[in-house]
Amino acid sequence: MKCYHHRETEAVAVCTYCGKAVCSECENESDSHRITCCAPCAEAGKRDDVFRNAVREHFAATGRSYRVLSIVLSLVGALIAVGGIALVPVVFLYLERFDPVAFGLDVVLILLGVICLAGSRSLSSIAKRYQDIVRRM
Ligand SMILES: [Zn+2]
Ligand SMILES: [Zn+2]
C-alpha cells in the first residue's frame with residue numbers, strides 16, 4: 001500500500017480518522033496519539049476524542065449513581081425485612097390476642113423489604129452494565 005500523498009512511498013499506517021494510507025513522513029501524531037494523515041484529520045480526531053470522553057464520563061457517572069442507589073436500597077431493604085421478621089414474635093406471642101391487622105402489616109413490611117432487596121439487585125446489574133460499557137469504550 002502506497003502513501004495517499006506520496007504515490008511512490010510505502011505507507012506505514014492508515015489515518016485513524018479517514019482511513020487513508022500514510023507514510024512515515026506524513027503520519028501526524030495528535031495529542032491523543034492517534035495517527036492521522038493531515039492537520040484537519042488530527043483536529044477532527046481530537047474533537048471525536050472530546051466527544052468520546054464526555055460520553056464515557058456520562059456513562060461512568062450514571063453507573064456510579066446506580067451503584068450508590070443500589071447500596072442504599074439494599075440497606076433500607078435489609079433493615080425493613082429484618083424489622084418485619086423481628087416483629088413476627090411480637091405479633092404471635094406478645095399481643096394478647098391474634099390481631100389480623102398487625103399480622104397483615106408485618107407481612108407487608110417483610111414483602112417491602114424483599115422488594116427493595118430485589119430492586120437493589122437489578123440496580124446493581126444495571127450499574128455493572130454501565131461499567132462494562134465504559135471499559136469497552
Ligand atoms: Zn485523514
Ligand atoms: Zn506521505
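Colleague: Into which domains is the protein divided?
Modeller: This is a predicted model, where local features need pLDDT of at least 70, side-chain atom pairs count only at pLDDT 80 or more, and totals for chains, interfaces and linings use all residues. Residues are numbered from 1 along each chain as its sequence is written, while chains are lettered from A and ligands numbered from 1 in the order in which they are written. The bounds come from an automatic or database domain assignment. The protein is divided into domain 1 (1-37) and domain 2 (52-136).

Colleague: Which pattern does the protein follow along the sequence?
Modeller: Helices (H or I, at least four residues) and strands (E, at least two) are DSSP runs, numbered from the N terminus. There are two helices and four strands. Read along the sequence, they give β-β-β-β-α-α.

Colleague: Why is the protein more spread out than a compact globule?
Modeller: The globule rule is 2.2 Å times the number of residues to the power 0.38, and the radius of gyration is taken over C-alpha atoms. For 137 residues the rule gives 14 Å, and the protein is well over that, so it is more spread out, with a radius of gyration of 30 Å.

Colleague: How are α1 and α2 oriented to each other, roughly parallel or roughly antiparallel?
Modeller: Helix α1 (residues 39-94) and helix α2 (residues 100-136) pack with their axes 7 Å apart, at an angle of about 160°. Axes are lines fitted to C-alpha atoms, for helices over the stretch in contact, and angles run from 0 to 180 degrees between N-to-C directions. Angles under 35 degrees count as roughly parallel, over 145 as roughly antiparallel, 65 to 115 as roughly perpendicular and the rest as oblique. Therefore α1 and α2 are roughly antiparallel.
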